[in-house]
Amino acid sequence: MQDRWRILTATSAAASLLLLSACGEDTPAPATGSGEVTGAIDVWMGDPIGATQQPVVIQLAKDYETAHPGTKVNLRFLGADAHKTYLTSIAGGTVPCVALIGNTWSPEFAGLQALEPIAQDPASMQGTYTQSMIDSTVLDGVSYAVPYDTGVRALIYRKDLFDKAGLAAPKTWDEVLTSATAVQKANEGVSGFGIVGGNQWYWLPMIWNWGGEIATNTGGAWTAKVNSPEAIAAFTFYADLLTKHKLSPEGAVTWQGADAAKAFALGQVGMMVGGSWDLKTILAQNPGMEAQLATTPMPSGPGGNNDTFAGGSNLAIFKGCTNKATAKSFVDFMMKTDNLVPVTTKIGLLPATTDALEKERTTGSFSAPLLKAYAEQAPNTRSIPAVSTWGKVEGTGAIVNAMQSIMNGQKTAEAAMQELAGQIDAAIGQQ
Amino acid sequence: MTVTAPAKREAGAPRRARPPRRPRFRRLAGYGLPSLLIAPLLAVVVGVVGYPIVRTVWLSFHEGENLISGPFNGLDNYTALFADPYFVSALIRTTVFAIVCVACTLLISLTVALVLDAGSWMAKIVTVIVLLPWAMPRVASGIVWKWIFNDQYGIANWLLVSLGFDRFQGFAWFNSGFTSLVAITIAVVWHSVPFIAISMLAGLRSTRGEVLEAARVDGAGFMQSLLRIRLPMMKPLLTILGVMSTIFAYQSFDHFLVMTTPPGGPSHSTEVLSLLTWLQAFTVLDQGAAAAMAVVTFVLLAAITAVYVRLSKEDR
Amino acid sequence: MTRRVLLYGAMLVIVVVSLFPFFWMVVTSLKPDQDIFTKTPEFLPTSPILDRYVHLFDGAVPRQFLNSVLVAGATTLITGVIALLAGYALARYKIPLKRYLLIVILSIQMLPQTVLVIPLFVVLRNTGLLGTYQGLILSHLALTVGLATYMLRSFYLDIPVELEESAMVDGASRMKAVRLVVFPLVWPGLAASSIYGFITSWNELMFSATYMQQSDRETLPVALQQYFSSYYSDWGGVMAASVIFTIPVVVFFLLVQKRLMQGMVAGAVKG
């Protein structure tokens, strides 16, 4: 590594600061617009890349450097506030070259003029990538990112406990309530349903299940619909699971997916909504549980559908990148099926290219019985409003705050959803 | 140390040294050397502190979407701020939190200082131990305290249940604003007591002397001499420490960021000024509104500082 | 007698409360998962493991550690120099507007960090210092120089002016007199303000999280906060990271604690 050299330059820079010539610059920006694949690029890996996937990505970066002599990939793994990190770097002009970004952030960053267009006509991407993921990269008819991985949620439940109680896998949210109550009653120390109050993606799609919408677009103007009776009923149902039916410990108001997965792995939860990555977490923490659990597609609601959110990440190249040739070549490298699948498998997500997806479904890790439910769920997905200012809704935690205020009894569901609608309108309606 | 009226004068230098000092030194050097000596300090004060303050005030009167300065918009940022119920409640919450924190910090610090002052061979070692929490990074201490207050596996709940408070079985501290703030207050006070306690200890030591001896001879009890003599003697010091801990409490940021989910949650119930300002600037990317919040905080703290300056009457 | 017992009892409580979080952090980091997530806490690790530390040191921690050392070290050094010079001037010379300057210096301490964080971001962005060590060090100076200067000034005031004068009478130059006579005496004050500067810079989160965006320049508070927000259900791992982050400050603190106490005592009494 050249780290020591960097520290040396930085130290001498600090020394010059000491002499009060405070305006030094320690790294000369290597502005190579020549289109040659050489030199260093900064690559940031956001959300889904956790500790277990890091070695795979690090190895890929090394492989890339070996295959392209003269290049250097500076990797950085971001934590859960990746969104804020990206925003700050965009505002500060210190963006990386290549970044793995949450698919809901793609229109937002594109709207900030931060991303390099990938395809002027998104239709040209059809067939190569999963359609709902292509949609997530588009703003005003131009695609700004390459779909990388995609994930859906399904129900994970304790088959052993369900069998013991003579219960079948729940097909509707009402059945979720009755079976969870039964499991909790029959098993001391087991909570019926793992509630994830701190993360909206586990319950926001229920608005769709109840027949409602998050926001609708009429003539280019977005209007929040979370104050509809359907949306209110959906949120009330979820909050009731905790407050009325006490199917989770009190603390679940602030739980994240990882908390529910942790509790599930410890044998304290009978059922939870979880992504394939949550399933991996559970099995990694408690391998013995594999024989005890099963998965089934999401339950449907009064609205007659079981649609869930199409999550995932996209690879984007930032406009501020000074070495775009290398950046592009690195993205191409990462998207090769042989390089893509090892990473998505490790995360427990589906790859977003059709070729790799096919491979995973038929012979790969998603051909296993436990993961079949995710493959079945995949067609029943929707994406959130594709509007560049959606990030403000996510970033301020408005949706989570609304749910928590219902759970805590601070507000009635009607009041909370009315306020949320106002906040969403303020954020995305102003274009 | 035999200083009897701390902070009233620049103590320490023998008093007889004073009269000849100034004339002699003025002869030795003009303003050249001293200006040179304070130049670096002034550079920092003006460049990294002064300019940013002016700039913040300026930003607070301008639009600032996406961290880019927009046109002048008068008091819009401020009116919007005070029309926002979440800002107003954050302002009140921060103030109440600060008052509680300061009261707890000062009371506990005084107790600790008195225990240490009562002396014994152990006091020396204990003094070092007392100061240790100050050295624990705030982020780390926030994490540890969050773990201690974990609903399922936290040692706080275990202790409370063991003591017979069954209500705390699986009690979720971070579910409501009030109990979250209790946990955060404990964490913040644990972190800020050391510095204040040791400073108070120093103050207490400096009050030992003839006056105290005389009082004891006259039969004054422990509490009496503490309340009538020692604390009044320490008044300037107590003022500073009070102001310092008020300001630390107002600025608490790390603990809130680490201990609440989402930051400031659940449902806005732990939002404080520092957190709200930072989120406004770097999540909502509205630097105008954020700057206005910062200015409000600044004015508030400046008022507290002014009170301090008046109370302690700095001499030259 | 009862007073003795009471006193020792109180000391015991103080020691336990002060040390327990340290102890609990270390113990949790050493316990395997099945011993961490128990209803009844296990106070001593029955089968301690070091895996988490090994794992952390394989990752970016060594690099982040170096970044922190570099930033905190440079901040401490520069703060020391500035305070040493300015403190002397403010203690010994008649300077116009000195009274106000002192108030300003002390008020810096009272500044909310949020007042500085936005404009400094803009300044650093415009000067190209955003994300550089110098930029972060500069921003940390804003937090440290005020109190450090004030502390050192009160130490200089403690040193009788005659000492310098007699040395000068003996033929030493002013500089030499200051170097030989004054600096040795002001050393505890420098130690106190140094550790103050070091701890402030080492722990600082808001500036670091906002300004240091480059992959390889993260400092430990930022890394720890991010590590926590992504893996916080992995309490053992988070505790191990916290231990690594805490050790240097505690060691540094214990090394200079004697001087620090002297410094704080003097500083406190004089305010």
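User: Why are helix 4 and helix 11 of chain B called oblique to each other?

Analyst: In this predicted model, the axes of helix 4 (residues 85-117) of chain B and helix 11 (residues 235-251) of chain B come within 8 Å and cross at roughly 135 degrees. Angles under 35 degrees count as roughly parallel, over 145 as roughly antiparallel, 65 to 115 as roughly perpendicular and the rest as oblique, and helix 4 and helix 11 of chain B are therefore oblique.

User: What makes residues of helix 4 and helix 11 of chain B count as meeting?

Analyst: Two residues are in contact if their C-beta atoms, placed from the backbone, lie within 7 Å; among those that meet are Phe97(B) and Cys101(B) in helix 4 of chain B, and Gly242(B) and Ser245(B) in helix 11 of chain B. By class, this contact has eight nonpolar, five polar and no charged residues, where Ala, Val, Leu, Ile, Met, Phe, Trp, Tyr, Cys and Pro count as nonpolar, Asp, Glu, Lys and Arg as charged, and the others, Gly among them, as polar.

User: How many residues of chain C are in contact with chain B, and of which classes are they?

Analyst: In chain C, 83 residues are in contact with 87 residues of chain B. The largest share of that side of chain C, 14 residues, comes from helix 12 (residues 235-270) of chain C. By class, the side of chain C that touches chain B has 60 nonpolar, 16 polar and seven charged residues.

Technical notes: Residues are numbered from 1 along each chain as its sequence is written. Chains are lettered from A and ligands numbered from 1 in the order in which they are written. This is a predicted model: local features need pLDDT of at least 70, side-chain atom pairs count only at pLDDT 80 or more; totals for chains, interfaces and linings use all residues. Helices (H or I, at least four residues) and strands (E, at least two) are DSSP runs, numbered from the N terminus. Axes are lines fitted to C-alpha atoms, for helices over the stretch in contact, and angles run from 0 to 180 degrees between N-to-C directions.
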